[in-house]
Every structure is written in C-alpha cells, then in structure tokens.
Amino acid sequence: MIEAYAFFAAFVVQILVVSVLHPVWFTRFVRAKTEAQFPDWDSKSRERYLSLYRVANAGIAVLGLVLLGWMFSHTQSPDWNIVCFYTLAQMSPIFLGFLMLTRNETKARLRSPPPTKRTASLQRRGLFDIISPVTVFLAVAGYVLFAAFMIHIQQHPVAGFSGYYLLRVITLIFAMNAICVYWLLYRRKKLPLETPAYRMQAAEVQVRNIFYAGIALVVFLSLFAELKLLHLASWIPFALSVFTVIAVLVGSTMLFALRRQAEADRLDAGPVS
Amino acid sequence: MDITIDIDNPVPQFEQLIEQIKAAVTSGVLKAGDALPSIRQLANDLELNSKTVAKAYKLLERDAVIETKGYRGTYVHPKAKANCKINLQEWTLRKLGETVAELREAGVTDSEIRNAFAGAIVRRQSEVLS
C-alpha cells in the first residue's frame, strides 16, 4: 500500500513540474530567445502559439488530476499502463513546442538575407571541453553494464519480460544521443543573430543534458528490470513518476541557461530598431 | 575571443582568418598552449568551406604560430608571439628583389628572368617528385 501513496505523492509533483512549471519556464525562454535572435517574428503570432501551448498543458494537468482522483478513489493502486500513457501525453506538448520553435527559427532564417559579416568564437568546442571525461565514462559504462545485465536476463528467462527489447530501446536512444551530440558540437549556425556565446552555451548545456539523461535512463531501466524480477512491479509507476520529474528538471536547466544568455545578448546588442 | 569574417572584404577569407588569429596572439588574447577550435567547428561557425579554414591553419602552422598535436587538436605554438612578427611574404619579396637586381646588373632581361624563374620552380618540383 505504501507504494501506492508514494506514487500518488510523486504523481502530484509530476503534474506540477511537467504541466504547470515547465510551460512557464518554456514560455519565458521562447520570449527571450525570439526577442534576441529573430525579433521580426510577429509578437501576436508568438503569443497565440504560446497561449495554445499553455492551454494544452493546462488541459493535460486537469486530466492528470482527474486521473489521480479516479485512481485514488476507485482502485487505490496505480495502473502502470495508464501512468505510462499519461506521461507520454504529458511529454507530447513539450516535443511539439520545440518542434514549433524550430519551424519558426527555420522560417526566420530563410527570411533573413545571409550576413556579410560572420562571427565565431576562438574557443574550442570539443566534447571534453564541455563535459568531464568521468561523465562520458559513466554513460558508456552504464550502457555496457546494462547490456550485460539484459543479456544475463535473456539467458535466464522470466515470464513476460524481454531483456533484448529493453536493450534495443536503449541502444536506439544512445545512438540517437550520439548523433545529437555530434550535431550540437559541429552544427551550422541557425540564425544570423545567434551570438558565439549563445552557441557555446547551447552546445554546453544540451550536451551535458544528453549525457545526464542517458545515465538517468540507464538507472531507471535497470531499476525497472529489477522491480520486475523481484516481483515488485507495483513500485514501477512511482519509479516512472520520479524519473519523469528528474528528467524534466534536468532538461529545464537548459531553458534557464539559454534564457539568461539570450537576455544578456539582447542587452549587449541594444534596442532593435 | 571572437573572430569576424567580412565576405564583402576583397582580402581573401583565409588571410582575414590568419590576420585575426595573429592579432589575437600578438595582443595576448591567445596565449602559448591555448587550444584553438577544430577546422570543422570554425568552418561551420563562420559558414565557410572547411578547405578555407584548413588553408589558414596550414599557413599558420608553417609560420609556427600554431601547432597540430594529432587527434588532440590545434594549439597556439610556444613561440607564437615572436613568430607572428616574421613576415615570410615580405622576406621572400626582399630575397627575390636582391636576386633580380643582381641578374639585371649582369644584363639579363626581365622576360628571361621570368622564364628562368618559372623553369626553376618546375625543375625543383620534378626534383622533389623524383
């Protein structure tokens, strides 16, 4: 029973962080970024898009509270599938929000003429200039140990549990992360007004987040497998809630850092005529 | 430290890069042993062809302003500040000027000097290849 109450508490925090606080942080970040890097984006259209984003999140938050009430009063035990689907639904506005921002960035880039003066920083942006070798080692070692664990599980099969499935999922995620890291380190400049300091900051925080999220995912999936094997599956919804909150909070540090940098860039550039 | 390339400037882009890196070394912004961005990073940031940046780096390496340490990357040379003061182009012009003056004194015409100069370069290249 304690796991159900632990989940209900974690679920409330999950709703608060993912559907209430994160949209506020994202809205502030979008405003600061657009004002600094593509000020010609019509503010009315931007606010319309941000309102839509907030409404979608508010709707999901209300749905979460209804779900929480229903689980609390009717079942007293959280259903893993429902929690999983709800978490996916909660994450979808975040992905859509970033997708919309990227679409508007691309439109702004296509609108603006190529700059005649191009600026870059003489600061090196190698992987180990951004993140400590220990963190990289932890992420790689985590993956290797997880793979060994999954292969071990597969050789000693447990009913209803596939080690190779989880291994495929994490391999895919790590491969995508590696591509993202490469792209972040060497990507072409997206917007003419993007400053070298912003590029550096963006690469730093995003690469760090990718590594931290990778380590957190290995820990979560290992815990998930352990709970299944130890017949403690009723703790999984709680673990998923806690993981979601941690992942979103770690991801939000990127929004804080980039918002501060965008605001500093705007102050340095002076008023836009 | 930031570096700016003006594509409207008639000075070739690789020379603009060289001049600004040398200026950063001379002014002390870049110190001996400081790491420089990779060719790919600088080319992408400045939206230039990577061959342009590679050419600038190659010339800076020849002048011992920077040094490449294999996979570890490119660094500012320990004697970069002193080496920035050496202008190889000016030195070459001075040397050739002296030789041209000597040849003229001996009665060799300008066209003969040009032909001989081109022939000497071709001969040197074939010597290096063989």
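B:Arg124 is exposed, with a relative accessible area of 53%; here buried means under 20% relative accessible area, exposed over 50%, and partly exposed in between, computed with a 1.4 Å probe on protein chains only. The salt-bridge partner of B:Arg124 is B:Glu127, and the closest N and O atoms of the two are 3.5 Å apart. A salt bridge is taken as a side-chain nitrogen of Lys or Arg within 4 Å of a carboxyl oxygen of Asp or Glu. B:Glu127 is partly exposed, at a relative accessible area of 45%. Both residues belong to helix 6 (residues 110-129) of chain B, where three residues, about one turn of the helix, separate them. Helices (H or I, at least four residues) and strands (E, at least two) are DSSP runs, numbered from the N terminus.

This is a predicted model, in which local features need pLDDT of at least 70 and side-chain atom pairs count only at pLDDT 80 or more, while totals for chains, interfaces and linings use all residues; side-chain values use heavy atoms, with hydrogens and water left out. Residues are numbered from 1 along each chain as its sequence is written, and chains are lettered from A and ligands numbered from 1 in the order in which they are written.

A second pair in chain B joins B:Lys22 to B:Asp63, with 3.5 Å between the closest N and O atoms. B:Lys22 lies in helix 1 (residues 13-26) of chain B and B:Asp63 in the loop between helix 3 (50-62) and strand 3 (66-68), so that this pair links distant parts of the chain, 41 residues apart. B:Lys22 is buried, with a relative accessible area of 14%, and B:Asp63 is likewise buried, at 14%.

In chain A, the side chains of A:Arg266 and A:Glu35 meet in a salt bridge of 3.5 Å, N to O. Because A:Arg266 lies in helix 8 (residues 236-269) and A:Glu35 in helix 1 (residues 2-37) of chain A, the pair ties together parts that are 231 residues apart in sequence. A:Arg266 is partly exposed, at 33% relative accessible area, as is A:Glu35, at 30%. Both residues belong to a network of salt bridges that also links A:Arg31, A:Arg46 and A:Glu47. Over all chains, the structure holds 17 salt bridges.

Confidence is expressed as pLDDT, the predictor's confidence in each residue, from 0 to 100. Chain A averages a pLDDT of 86, and 97% of the residues score at least 70. Within chain A, confidence is lowest in helix 3 (residues 80-111), at a mean of 85, and highest in helix 5 (residues 133-155), at 91.
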